[in-house]
2 protein chains.
Amino acid sequence: MEPIGIIESCFKDRFGTPRQPGLVSNAWARLQLDKKLHPEQALIGLEKFSHLWLIFLFHQNTNNRYHAKVHPPRLQGKSIGVFATRSPHRPNPIGLSLVKLEKIEGDSLILSGADLIDGTPILDIKPYLPEIEAIADAKTGWLDGIETREIQVKWSEEIKAQVKDWSLRIHHPELQSLIEKTLILDPRPLVYRDQSTYRQTHAVRIFDGDIHFKFLSETLIEIIEIKKLS
Amino acid sequence: MEPIGIIESCFKDRFGTPRQPGLVSNAWARLQLDKKLHPEQALIGLEKFSHLWLIFLFHQNTNNRYHAKVHPPRLQGKSIGVFATRSPHRPNPIGLSLVKLEKIEGDSLILSGADLIDGTPILDIKPYLPEIEAIADAKTGWLDGIETREIQVKWSEEIKAQVKDWSLRIHHPELQSLIEKTLILDPRPLVYRDQSTYRQTHAVRIFDGDIHFKFLSETLIEIIEIKKLS
């Protein structure tokens, strides 16, 4: 097994990277294929598909010890069998992500909606086959009863203006929405979700900026400042 | 990477194994998990999902030379970039198959609809997430214009009765339908689809029997005989 390419992504750290694809629809990613695979030929015909599977390695797993049960954040501390989850901590550290193909530029794919950290090694690309793979009424077990909180994001006009300048510079017009969609997924680990930790500052790195924010309540996030790295 | 288990399947050879999952809905497969993964814990919660992803190795690839373009049977001889196809011949020999979970029996999953050859090493199981992964209106590129032939299967009463006995013995009541669905996918390689090869006999191995058949026309298959191996 050898990567066919390495992902460039707007998400730079594990913290803040969405746990499933599609949740942050305007997340940006780019995959440049290894030249020795002859991308100019190997990609022919792919441009007419709207969605792709990426099979990738969870390369940032730090703990490689196997646990048969895991604690997905949505279960609020309860555990479940690892194969009933999409946890990165699995016997073989392989991930599966459905992404939108925006366009192909030479040897590179421009993708949206990916839940991948910058630097993720990609093992394969496969076209999405809706006739076989779109099963709207599939049963989803423990995910059925999970409620999601509607979280709001509070911005100052000053920070909004700063994001607007930033978005123009990096040519990503939907940057403000990308940041909001990322934060309302609530990237905090469970231990930081206790009420006593409100007003504690967290930071998520998106593109070349650190977004500092805090929870004012379970359903309200305030953006405190944005520190640019470049 | 180490397999989490090896598939037992009704399909014993590459020849005749469906090229996508779900096409032979009553295809039978069983996956017994490696004991060292503690299946009794690792499978908890999976039983309430109806569909699963299997990530597997194409272990029967004989030619490991990389080709950037491939010739999928549906393109009738034309070639296309390997990443626009689900061909088994890819840079990393990883397959992705959506299957139906019939039930869990201890350390084993009973599956239907798989397109996997007996003996396929499985690398991962992931639950199917319809909210994210069911995109009915995804665009499918070169697959759009492909027409499928409606193929009929002709059985003698004698062979039908033989299949009925067989199905009772192996406890697979839908065996006749499984055989029909497998054959109407037309397992013949393109070079054997020429009119001059009609009436040539082919055989597909399903469970412990060889189904000998021939094409009488482009849309009619005759079952000639069934040879039992045990």
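Me: What percentage of the 230 residues of chain A count as buried?
Reply: This is a predicted model, and burial is judged by a relative accessible area under 20%. By that cut-off, the share of the 230 residues of chain A that count as buried is 52%.

Me: What radius of gyration does chain A have, and what would a compact globule have with 230 residues?
Reply: The C-alpha trace of chain A spans about 55 × 45 × 35 Å along its principal axes, and the chain contains four helices and twelve strands. A compact globule with 230 residues would have a radius of gyration near 17 Å, and the value for chain A agrees with this, being 19 Å.

Me: Among contacts in chain A between residues at least 6 apart in sequence, what percentage join residues at least 24 apart?
Reply: The count takes in contacts between residues at least 6 apart in sequence, where contact means heavy atoms within 4.5 Å. Of these contacts in chain A, the share that joins residues at least 24 apart is 69%.

Me: Which side chain makes a polar contact with the side chain of Ser108(B)?
Reply: Ser108(B) lies in strand S7, residues 108-112 of chain B, and it counts as buried because its relative accessibility is 1%. Leaving aside residues up to four places away in sequence, Ser108(B) touches Leu31(B), Gln32(B), Lys103(B) and Arg30(B). The side chain that makes a polar contact with that of Ser108(B), at 3.2 Å, is the one of Arg30(B).

Me: Is Phe207(A) buried or exposed?
Reply: Phe207(A) is found in the loop between strand S10 (202-206) and strand S11 (209-217) of chain A, and its phi is near 45°, a positive value in a residue other than glycine. Most residues other than glycine have a negative phi. With a relative accessibility of 14%, which is under the 20% cut-off, Phe207(A) counts as buried.

Me: What is the phi of Asp186(B)?
Reply: Asp186(B) sits in the loop between helix H4 (175-183) and strand S10 (202-206) of chain B, and at 1% relative accessibility it counts as buried. Although Asp186(B) is not a glycine, its phi is positive, at about 60°.

How values were computed: Residues are numbered from 1 along each chain as its sequence is written. Chains are lettered from A and ligands numbered from 1 in the order in which they are written. This is a predicted model: local features need pLDDT of at least 70, side-chain atom pairs count only at pLDDT 80 or more; totals for chains, interfaces and linings use all residues. Side-chain values use heavy atoms; hydrogens and water are left out. Helices (H or I, at least four residues) and strands (E, at least two) are DSSP runs, numbered from the N terminus. Buried means under 20% relative accessible area, exposed over 50%, partly exposed in between (1.4 Å probe, protein chains only). A polar contact is a pair of N or O atoms within 3.5 Å; within protein, one must be able to donate a hydrogen and the other to accept it, and residues adjacent in sequence count only if both atoms are side-chain atoms. The radius of gyration is taken over C-alpha atoms; the globule rule is 2.2 Å times the number of residues to the power 0.38.
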